[in-house]
Amino acid sequence: MCGIVGFVGNDRAIDFLIGGLEKLEYRGYDSAGIAVLNNNKFTVNKTTKRVADLKTKETEKLIGNLGIGHTRWATHGKPDLLNAHPHLSETQKFAVVHNGIIENYQSLKQELVAEGYTFKSETDTEVIAHLLEKYYKNDIKEAVKKTVDRLKGSYALGILCSDLPDCLIAVKNFSPLIIGVSENANVIASDITAIVPTTKKVIYLEDEQIAFIISHEIIITDKMGKPCKSEVSQIDWNVESAQKGGYDHFMLKEIMEQPNAIEQTIKNRIKQNEVYFEDFCIDEEKLKSFEKIQIIGCGSAYHAGVVGKYVFEEMLRIPTQVDIASEFRYSNPVINEKTLTIAISQSGETADTLAAIKEAQKRGSFVLSIVNVVGSSIAKASNGVLYTWAGPEISVATTKGYSTQLAVIYLFAVWAAKRLKTATKEELNAAVEELIKLPKLVKEALKCEKTIKETASKYKDAASVFYIGRNLDYAVSLEASLKLKEISYIHSEAYAAGELKHGTISLVQDNQLVVALCGVERLFEKMLSNIKEVKARGAVVFSCSEKANKQIEREAMINVYIPKTHNLFTASVEIIPFQLFAYYVAAAKGCDIDKPRNLAKSVTVE
Ligand code: F6R
């Protein structure tokens, strides 16, 4: 969590720092702060409000052209001004911003306190500032090297030293950090969305690397001080795609972008009616060696994995297990070189997923990841990557990230089914045809917006909502429920419809809203029975099914219809009304939709 930025160049630093932090606010918004060097002294400005609160008259006057900034998701210490970054060293010679966790900070703190250093905050970060000062004997490289050598954990750091008015220092270890390179300035940020307005040329810093960045030169070394080669990459995201484009919230913009995002993900991967992956890491022989598929992910990415389980088992007939990454890694998983592990992550930075990947690799499993952010830690750690070309996702609640993950799951399933001969030619053709149509069908599904908006305003004060479904409908209910609770703060639960009667139905009373997902045609009758069961207990049923379904109209009070698609791709159209439902409920309640309380976009802590 947390977002960091840094600037060194010909212009004033403050403009990039504030603009960059605003872009990174999705990573945490418990506090924000900047430090700018002016005449060898740091001016530090902090707020416990939003980044915009840093735009004061005093900040406006800061003309220094070297600075760092931070937006915080609190881990060590409450979200107050003392714990807000940047943190300064004892004599204010060093200023530090940090994203990550220093696992051994307690013992380092004890050591530093015994040596006379005083701590102003409860953060783990402050030890870094003091260590830098402790080891600084007019040799910055040595001081950084010795400091980094003492740190255990994950960290992306932006460091300034008041003796060096033209030097920004960046350090990376298991937390993302990117350098933006341009003629007039060099910058650092946790994410490229902060860098794109300044430059599209970037260097992805590797773990255990240190960068000494001056306005016209960048020196990158390993943690022993040995120079490292670096490659400048060109990014193709544009500024507009990282802005709201006329919508009230990024979430709504991203919901509406889904047809296009799915199209981008699919279009270059279908050639002559066949799925094709360029330079793919798995060949036919390797594919045939897998006896099991293990899917890992967190939150919505895990929910995409649940869809994957149903799709893979149906199309590939390979036993597929899906686990929450944070559970998987401590579960002594039964996997080996005959297991294909598929890790799913929008950000590519989720610490639990990254750790689970390493666990899988330790046991000999080949890891293929499905990731949105190019060059992210998960992409780099995996044995192969299939990117979801969703473009930048800014809203904390994922929508197009999830939808494009589903698209990649389908592509992979069709690609593999052909090689494993688990589907006939006709079945494969039909699947590819439906894949090509998917963006259009999702667009059609979005037409329910008006009905959903009206329904949302009626139910905005619901105390709790149940989502029920079977098979793929159950997988979608997990995601639909998460969307509602995370942004509207309404308690909701997703339940396998057949399981409700084994206990949870005791919670259903008069006026309980129950959303019944009935997209899986072959299980429709079973769902009708479950709907009757909850109705008999007083529930108000909100159903979702394919069009023109008279039977459901007799049972449910609210009906929403989704277009017909391939029986294994239902999730892609069925999730749409419920992303919109969550959005409009939260909007009607006046919630902070793009930045829901207690959450952050990129969860880089375990
Ligand atoms: C929910 C949401 C989260 C993420 C989860 C994993 O809307 O966005 O549940 O899906 O934190 O994040 P990634 O996909 O970046 O690994």
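First, the conventions. Because the model is predicted, local features need pLDDT of at least 70 and side-chain atom pairs count only at pLDDT 80 or more, while totals for chains, interfaces and linings use all residues. Residues are numbered from 1 along each chain as its sequence is written, and side-chain values use heavy atoms, with hydrogens and water left out.

I start with the ligand. The ligand sits in the largest pocket. A pocket here is an open set of points on a 1 Å grid over the protein atoms alone, where a 1.4 Å probe fits, with protein on both sides within 12 Å along at least five of seven lines. To sit in one, a molecule needs more than half of its atoms within 2 Å of the grid points. Helices are DSSP runs of H or I with at least four residues, strands are E runs of at least two, and both are numbered from the N terminus.

Which residues come nearest? Of the 15 residues around the ligand, they are S345, Q346, S347, T350 and E486; the shell cut-off is a heavy atom within 4 Å.

Now the polar distances to ligand oxygen atoms. For T350, a polar side-chain atom lies at 2.4 Å. For S345, a side-chain N or O atom is at 2.6 Å, and for K483 the value is 2.9 Å. Of the 410 Å² of accessible area that the ligand has on its own, the protein covers 89%; areas are Shrake-Rupley with a 1.4 Å probe.

K483 also links to E486: their side chains make a polar contact at 3.3 Å, meaning N or O atoms within 3.5 Å, within protein one able to donate a hydrogen and the other to accept it, with sequence-adjacent residues counted only if both atoms are side-chain atoms. E486 belongs to helix α17 (residues 472-488). E486 is buried, at a relative accessible area of 15%; buried is under 20%, with a 1.4 Å probe and protein chains only. Beyond four places in sequence, E486 touches A397, P596 and L599, contact being heavy atoms within 4.5 Å.

Next, G9, in strand β1 (residues 3-9). G9 is buried at 7% relative accessibility. Outside four places in sequence, G9 contacts N65, N184, A185 and S215.

Last, helix α4 (residues 126-135). All 10 of its 10 residues are buried, so α4 is largely enclosed by the rest of the structure. These residues pack against β5 (87-88), β6 (94-102), α3 (105-114), α5 (140-150) and β7 (153-161).

Note on methods. Buried means under 20% relative accessible area, exposed over 50%, partly exposed in between (1.4 Å probe, protein chains only). On a 1 Å grid over the protein atoms alone, a cavity is a set of points where a 1.4 Å probe fits but cannot get out, and a pocket is an open set with protein on both sides within 12 Å along at least five of seven lines; lining residues have an atom within 4 Å of a point.
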